Amino acid sequence: MLRFNRKIFIHLFFFLVILSIICMGCKNKENTDKKLEIFTWWTTGGEVDGLNEMYKIYKRRYPDIEIVNAVVAGGAGINAKAVLKTRMQEGDPPDSFQVHAGRGLIESWVVLDKIEPITFIFKENNNFEAYPKGLIDIISYKGEIFSVPVNIHRSNVLWYNKKIFNENGLTPPQTIEELFKLSETLKAKGITPIALGDKEIWVAVHILENILLGIMGEDNYKGLWNTKKLWKNPDIEKVLINYVRMMKFVNKDHSALDWQGASQYIIDGKCAMMVMGDWAEGYFKSKGLTPNKEFGWKPFPDTSGAFLMLSDSFCVPKNAKNRNAAINWLALCASKEGQDAFNPQKGSIPARVDTNENLYDEYLASAMRDFKKDIIVPSVAHGATASEVWLKEIESAMASFLSDLNIEKAFNKLSEIAEKNIK
Ligand code: GAL
């Protein structure tokens with residue numbers, strides 16, 4: 001009996017030892033990640049500066065983890081999104097990737113069950129109060145949150161070179177008609193009115209969404225993404241007519257430049273104005289410019305009172321190799337510290353509403369004010385309001401429009417695409 005008990009005891013002892021080794025292993029798993037691969041399309045100017053600020057904090061918090069900065073150049077993720085898709089299909093996900101908040105996130109990844117719900121990060125850090133409800137809504141699906149927004153960008157901004165405006169006694173245009181009148185004046189003086197770099201086709205959709213909002217107004221602009229008949233509205237024709245009018249005033253080499261190249265034309269005084277999201281502000285600052293000194297800004301003509309928004313967020317794919325390191329990255333993206341380090345450089349405002357306003361320059365402070373009081377409308381060029389499939393089709397319609405400037409053809413194409421994509 002005694003021998004029998006001793007045997008059981010010895011077996012039990014070894015069983016418990018092995019069990020505790022296994023448990024310790026599980027517990028320590030949190031600390032076993034040695035790497036963190038972060039995938040973005042941020043390669044220049046304020047984008048890199050902002051990202052590096054967050055990397056610095058991460059390295060301070062987790063000195064043993066090596067950050068692998070996986071970047072694929074191309075504005076609006078035009079190339080990165082394609083590379084990411086291939087990697088995900090091949091079962092080689094990065095640990096965390098940049099993704100536009102909104103339908104791009106939900107339809108490309110969430111409904112296909114490719115990324116993890118991360119509602120627990122919001123819960124653990126009490127983030128529900130800190131984020132605008134509208135933003136939480138567009139990153140949620142069936143009661144779970146799927147990404148962490150790190151910023152809010154504004155798409156409907158007209159930037160201008162202050163020296164050109166001051167020297168010629170000009171004031172920034174409030175309406176599209178004023179924009180063209182001013183452009184005539186500048187042209188007559190031998191100054192190229194509008195800087196454009198549409199080598200990457202997303203820029204054409206970016207301009208399109210600005211004119212759509214200006215001509216159609218907030219309600220109809222919002223309606224476009226779920227109402228087929230709005231695409232047959234004569235306003236769409238007006239939008240395309242104005243797009244063609246604008247092309248008369250842009251730099252000749254526009255199709256050879258990207259958005260950074262066009263921004264450089266504003267810096268160098270080669271052009272007077274530019275339509276671009278506020279990442280351009282980050283670019284100007286990274287080149288040593290000061291807001292309201294060398295460059296000024298206004299909402300795109302006829303869109304004052306509306307904030308065309310998009311948001312960069314980060315998510316964790318299922319089967320990420322370094323999941324715990326990635327979760328910690330998302331927690332940093334969600335934090336005040338992370339957002340206050342990133343956004344002042346990036347040219348965006350924080351996604352949280354409780355950050356330190358003193359850290360933000362004059363332009364960003366004005367964007368924060370506008371975000372609070374304006375009507376918020378979602379950007380199509382930057383993934384907030386159409387599926388990626390639809391967006392790709394709009395991009396290709398715009399590519400053919402740029403090649404022939406055929407208004408009727410583009411009108412029919414855009415409404416045909418909408419017909420197909422609106423359920
Ligand atoms: C946007 C993105 C911004 C900025 C811009 C230019 O889509 O949200 O963060 O990177 O493209 O690439």
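Helix H2 (residues 45-61) and helix H14 (residues 336-346) have axes that come within 7 Å and cross at roughly 160°. Helices here are DSSP runs of H or I with at least four residues, numbered from the N terminus, and axes are lines fitted to C-alpha atoms over the stretch in contact, with angles running from 0 to 180 degrees between N-to-C directions. The crossing angle makes H2 roughly antiparallel to H14, a label for angles over 145 degrees, while those under 35 are roughly parallel, 65 to 115 roughly perpendicular and the rest oblique. The model is predicted, so local features need pLDDT of at least 70 and side-chain atom pairs count only at pLDDT 80 or more, whereas totals for chains, interfaces and linings use all residues. Residues are numbered from 1 along each chain as its sequence is written, and side-chain values use heavy atoms, with hydrogens and water left out.

On the H2 side, the contact with H14 (heavy atoms within 4.5 Å) includes Gly46, Glu47, Leu51, Met54 and Arg61. From H14, the residues that take part include Glu337, Ala341, Phe342 and Lys346. By class, this contact of H2 with H14 has 5 nonpolar, 4 polar and 7 charged residues. In this scheme Ala, Val, Leu, Ile, Met, Phe, Trp, Tyr, Cys and Pro are nonpolar, Asp, Glu, Lys and Arg are charged, and the others, Gly among them, are polar.

H2 also packs on helix H13 (residues 323-334), at an angle of about 125° and with the axes 11 Å apart. H2 and H13 are therefore oblique to each other. Leu51, Met54, Tyr55, Ile57, Tyr58 and Arg61 of H2 meet Ala325, Asn328, Trp329, Leu332 and Cys333 of H13. These residues divide into 9 nonpolar, 1 polar and 1 charged.

A further partner of H2 is helix H12 (residues 279-286), whose axis lies 6 Å from that of H2 at an angle of about 85°. That makes H2 roughly perpendicular to H12. Gly45, Gly46, Glu47 and Asp49 of H2 touch Trp279, Gly282, Tyr283 and Ser286 of H12. The classes in the contact of H2 with H12 are 2 nonpolar, 4 polar and 2 charged.

Next comes the ligand. Of the 13 residues around the ligand (a heavy atom within 4 Å), Glu47, His100, Asp312, Lys346 and His382 come nearest. An oxygen atom of the ligand is 3.1 Å from an N or O atom in the side chain of Trp42. For the side chain of Trp41, the corresponding distance from a ligand oxygen atom to an N or O atom is 3.3 Å.

Definitions and conventions
Helices (H or I, at least four residues) and strands (E, at least two) are DSSP runs, numbered from the N terminus. A polar contact is a pair of N or O atoms within 3.5 Å; within protein, one must be able to donate a hydrogen and the other to accept it, and residues adjacent in sequence count only if both atoms are side-chain atoms.
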